[in-house]
Amino acid sequence: MVWHDQPLRQHIINLLRGGHAHIEFDRAVGDLPAELRGSKPAGLPYSIWQLLEHMRIAQRDILEFSRNPKHVSPAWPKGYWPRSEAPPDEAAWTKSIKDFRADHKAMEKLVADPSLDLFARIPHGDGQTLLREALLVADHNAYHLGQIVTVRRLLGAWSP
């Protein structure tokens, strides 16, 4: 790069982490009573479990597309949503959160890597760049984190 892109990389990482224009992941999913994880308020199509799993699956797909030319995306839309409204058990909930965090950290690591050109087309894509994929993760996660907060409010499980 001709210009120094470290400030841009840091802005993207801050956007991925949240806490400015959107809530942070741990705040949105933390301290949720287990009995509410699969609950859907009247008129809403998703439970918090479904939203969490959707975010995890989509984020993993975007991450793997960004770094692995052999990656195959799940079928849309079925492959991006869990089959059940509730997690099968506490271990599934914990694993989903752990995997989301790990993939999120891996995306941050890609963005922070100065050897990767944020603006270069991903060779196995059709015009996508690492910048676009990182912004897509941030945008998608922010949208669904907002939905999680809404579901929590309607379930009476949110204290601002």
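Arg37 and Glu90 form a salt bridge, with their closest N and O atoms 2.7 Å apart; the term denotes a side-chain nitrogen of Lys or Arg within 4 Å of a carboxyl oxygen of Asp or Glu. Arg37 lies in the loop between helix H2 (25–29) and helix H3 (48–67) and Glu90 in helix H4 (residues 90–112), so the pair ties together parts that are 53 residues apart in sequence. Helices are DSSP runs of H or I with at least four residues, numbered from the N terminus. Arg37 counts as buried at 9% relative accessibility, whereas Glu90, at 43%, counts as partly exposed. Buried means under 20% relative accessible area, exposed over 50%, and partly exposed in between (1.4 Å probe, protein chains only).

This is a predicted model, in which local features need pLDDT of at least 70, side-chain atom pairs count only at pLDDT 80 or more, and totals for chains, interfaces and linings use all residues. Residues are numbered from 1 along each chain as its sequence is written, and side-chain values use heavy atoms, leaving out hydrogens and water.

A further salt bridge joins Lys40 to Glu85, with 3.1 Å between the closest N and O atoms. This pair also links distant parts of the chain, Lys40 being in the loop between H2 and H3 and Glu85 in the loop between H3 and H4, 45 residues apart. Lys40 is partly exposed at 34% relative accessibility, and Glu85 is partly exposed at 38%. Arg9 and Asp5 also meet in a salt bridge (3.0 Å, N to O), and both of these residues are buried. The count of salt bridges comes to 10.

The protein as a whole contains five helices and zero strands.

Methods: Helices (H or I, at least four residues) and strands (E, at least two) are DSSP runs, numbered from the N terminus.
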